[in-house]
Amino acid sequence: MHGSWKGRDVISILDFSRDDLDALYYLADKYLEKIQNATPLRTLEGFVISLAFFEPSTRTRMSFETAAKRLGAGVIGFTAAAGTSLEKGESYADTIRMLDGYSDLIVLRHKYEGAARFAAEIAKHPVVNGGDGKQHHPTQAFIDLYTIRRLKERLEGLNIGVLGDLRYGRAANSFILGTALYRTNTLYLISPPQLRMRDETRIILEDLGVRFYETESLEDVVSDLDVLYVTRIQKERFPDLSEYEKVKGSYRVTRRLLETRAKPDLIVMHPLPRVDEISYDVDDTRYQAYFKQAYYGVPVRMAVLSLVLGKEG
Ligand code: NCD
């Protein structure tokens, strides 16, 4: 089962099966225990991993870096195109060829959709997509599902709300597609009309026979939910900023709403960064799961790196 990960590119959650995810979570559980026991690992000693971040990132980049270092691998890379030869006019393809020559695996983030798939066609080594434009963020979805599995002890039969920017948000898109692997879930897709899920995602859900409802009102559905996944409005991806101004601040999860309407065991998730969509007074309630979700980023990404490099253990 583990063999199916070796040498693979990780571009879209759609390329992975439930068996693949089971193998990943089995290993992530092991790594989580090692982290908690402060047990050093040398699983990837001698390997070099490139972190090529053409777009801003805090968690994805730093958790991949932490994951690599916790497994004993070396890390090279950059956090913006500024400072690299791209500024001198080097092409994206040439930059990828260089990284491919220097390292055993490339983690990549880019503002353009398809950038990771394109890099995977050029590179001989595996490419892991750390987010490409509004399209995919597969490792975030792995972490999100892992968080639900740990906190709810199942991935089936749940009412899952996804609130926010379902149009431009790659984390939301990948999460929605990831939950669809588990057919007995029901999705509540909650967004202002301008930010509704894109047709390409809708078609996939329909093809898979996933039960989903679309609504503008969190208040109407919050009492049904077991999981509420909140996302930020992706300001930087709006082709027209006046459109952003119209939806800015249009939803907010508050402690009051949760305490008056939500099931007591609802978990509130968010891929982060948060802007104003979850009020700070939710942070110290029992609903808050977003900091745990961020914490699980390291063991899950450790599992991704070691499975893809064929060195799990
Ligand atoms: C997300 C992203 O970059 O897509 N962040 C993350 O990786 N945790 C979500 C976002 O930026 O809103």
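In which loop does P273 lie? In this predicted model, P273 is part of the loop between β9 (267–269) and α11 (290–295). The peptide bond that leads from L272 to P273 is cis, with omega near 10°. Most peptide bonds are trans. Both L272 and P273 also belong to the set of residues that surround the ligand.

The rest of that set consists of T60, R109, H137, Q140, R170, R232, Q234 and P271. Sorted by class, the shell around the ligand comprises three nonpolar, four polar and three charged residues. The space that the ligand takes up is the largest pocket.

For R170, a polar side-chain atom is placed 2.7 Å from an oxygen atom of the ligand. T60 likewise has a polar side-chain atom 2.9 Å from a ligand oxygen atom. In the case of Q140, an N or O atom of the side chain is found 3.1 Å from a nitrogen atom of the ligand. Taken alone, the ligand exposes 320 Å², and the protein buries 94% of that area.

Aromatic contacts were examined next. A pair of aromatic rings is described by the distance of the centres and the angle of the planes. The structure holds 14 aromatic pairs, and one of them is formed by Y25 and Y146.

Phi of A38 is near 50°, a positive value in a residue other than glycine. Most residues other than glycine have a negative phi.

Terms used. Residues numbered from 1 in each chain as written. Predicted model: local features only at pLDDT ≥ 70, side-chain atom pairs only at ≥ 80, totals over all residues. Heavy atoms only, no water. Near = heavy atom within 4 Å. Polar contact = N/O pair within 3.5 Å; in protein donor to acceptor, adjacent residues only side chain to side chain. Areas by Shrake-Rupley, 256 points an atom, 1.4 Å probe, with all protein chains shown as cover. 1 Å grid on protein atoms, 1.4 Å probe; cavity = no way out; pocket = protein on both sides within 12 Å on 5 of 7 lines; lining within 4 Å. Sits in = over half its atoms within 2 Å of the grid points. Nonpolar A, V, L, I, M, F, W, Y, C, P; charged D, E, K, R; others polar. Phe/Tyr/Trp six-rings, centres within 6.5 Å; stacked < 30°, edge-to-face > 60°. Helix = DSSP H or I, 4+ residues; strand = E, 2+ residues; numbered from the N terminus.
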